[in-house]
Amino acid sequence: MTNFQNLKTVRAGEIFIRQGDPGKSAYIVESGQVEIFIDKPNAPPQFLGTRGPGTLIGEMALIDDDKRTANVRAIEDCNLIEITREDFNRRLNNTDAVMQMVMRVLMTRYRDTLFRSEIVRESLGWPPPEEVERKLMQETKTIDNLRLEGEFKAALTNGQLSLNYQPIVSLDDGRILGFEALMRWNHPEKGFISPAVFIPMAEETGLIIEASKWALRESCRALKRMESHVGQNPNLYMSVNFSAKDFAEESFLDDLYQIISVSDVVPTQIQLEITEGLLMSQPENAKLTLEMCRKAGLKIAIDDFGTGYSSLSYLHTYPIDTLKIDQSFVRDMLKNKVSMELVKSIITLGKNLGMMITAEGVEQKEEGLILRDLGCENAQGYYFAKPMPEKQATELLLQLNGFKEKLA
Ligand code: C2E
Ligand code: CA
Ligand code: CA
């Protein structure tokens with residue numbers, strides 16, 4: 001384990017928490033996967049589960065000096081953030097009084113749960129250790145999410161959030177048609193946190209509603225600023241992600257209209273990206289909302305299309321402009337026949353329903369060319385450009401030919 005202040009790197013295979021050792025620190029898994037297992041006398045080790053980025057492990061060490069109750073091994077090279085008890089107490093003492101109180105109550109309950117389970121286990125042989133561990137994991141997640149939630153709430157108001165823009169490219173001539181706005185969170189201590197970590201938390205806690213409004217407002221402003229450099233272009237659009245929670249919010253449409261009208265962008269310059277999951281989870285509400293959006297002139301795209309196991313018979317009943325083929329199919333299409341067939345079917349389906357197709361995750365020229373031959377109009381992916389800050393996106397727009405040479 002290499003150690004640079006509180007950042008640690010552990011190699012695949014290394015056991016960095018050992019059952020029976022005194023616990024000195026907890027760790028946040030920043031990247032990589034770890035597995036948790038317990039040694040049992042006269043029996044093979046018992047596997048309790050794996051944990052990935054964003055989870056807290058070994059957290060009992062923050063509460064008391066007890067011995068570790070399980071082993072933790074890195075199954076990939078991992079980056080960890082170490083939190084010592086001292087560290088933790090210092091931070092806790094520095095947060096506001098309410099957070100301090102809530103954390104102390106949670107920690108006491110947490111320890112009591114463990115204590116109780118151990119007594120019960122010793123006297124009755126129940127619950128089994130895996131049950132205890134499962135409970136602990138749940139509580140770990142809770143503490144973990146609470147921490148992240150508090151920090152994200154702060155991030156929403158103190159400028160830690162930003163947007164990156166990824167070009168959406170015409171496969172016909174390489175022109176940049178628009179950008180997908182993708183949220184970035186630059187945490188003052190932890191650096192950039194992946195949207196794969198904070199977006200699900202924001203959706204779960206409802207914080208996504210504020211975050212989405214912020215993203216829409218910021219995308220509209222960015223579009224205006226871009227136009228101030230490259231000239232007005234009513235065909236240039238911003239594609240903004242929205243979640244089921246946003247759609248379920250009563251004031252969603254009002255907020256949407258308000259933000260767009262204040263920003264002075266033309267509604268046709270905004271595309272909403274939603275998932276199939278959203279359509280399936282609230283079919284009636286989604287339909288009404290989307291119809292209102294369409295009436296207002298907004299564009300609608302279905303994100304990650306093909307991953308939602310949805311019935312296709314409903315699709316034509318929604319006002320959808322674009323299907324975005326999920327990147328997993330594009331990634332595999334050259335080596336996997338089934339993926340290629342799926343890509344073809346989605347393109348045919350979209351065409352039959354009068355929708356545009358955007359392929360996501362295009363990383364190679366060959367993919368782009370084949371997709372074009374199959375009739376897919378637009379593409380987005382690292383082959384053309386990664387998501388980038390506004391300044392670079394604006395510079396790209398100033399290059400007249402866009403990505404023409406990349407498709408030659
Ligand atoms: P998504 O909406 O499917 O966005 C596309 C993701 O694919 C982005 O990841 C983008 O960086 C990545 N990507 C683009 N081209 C390629 C490629 O060629 N290869 C590979 N491997 N990846 C590529 P990112 O920015 O990490 O975002 C992950 C997810 O987080 C997004 O997936 C979206 O579901 C969510 N997200 C990001 N920003 C927002 C937001 O503002 N609001 C909401 N609700 N969700 C967001
Ligand atoms: Ca998207
Ligand atoms: Ca997607």
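This is a predicted model: local features need pLDDT of at least 70, side-chain atom pairs count only at pLDDT 80 or more; totals for chains, interfaces and linings use all residues.
Asp87 has a relative accessibility of 15% and so counts as buried. Side chains of opposite charge can pair when their charged atoms come close. The partner here is Arg90, whose side chain meets that of Asp87 in a salt bridge with an N to O distance of 3.0 Å. Both residues belong to helix H1, which covers residues 85–94, and they sit three residues apart, about one turn of the helix. Arg90 has a relative accessibility of 48%, so this residue counts as partly exposed, because the exposed class begins only over 50%.

The pairing of Lys224 with Glu227 is also a salt bridge, at 3.9 Å from N to O. Because Lys224 and Glu227 are three residues apart in helix H5 (residues 208–230), about one helical turn separates them. Glu227 is at 6% relative accessibility and therefore counts as buried. Lys224, at 23%, counts as partly exposed, since buried requires a value under 20%.

Another salt bridge joins the side chains of Asp332 and Lys335, with 3.8 Å between N and O. Asp332 is partly exposed, its relative accessible area being 25%. Lys335 has a relative accessible area of 66% and is exposed. Elsewhere, Asp87, Arg90, Arg91 and Glu189 are joined into one network by salt bridges that share partners. Over the whole structure, a search finds 22 salt bridges.

How values were computed. Residues are numbered from 1 along each chain as its sequence is written. Chains are lettered from A and ligands numbered from 1 in the order in which they are written. Side-chain values use heavy atoms; hydrogens and water are left out. A salt bridge is a side-chain nitrogen of Lys or Arg within 4 Å of a carboxyl oxygen of Asp or Glu. Helices (H or I, at least four residues) and strands (E, at least two) are DSSP runs, numbered from the N terminus. Buried means under 20% relative accessible area, exposed over 50%, partly exposed in between (1.4 Å probe, protein chains only).
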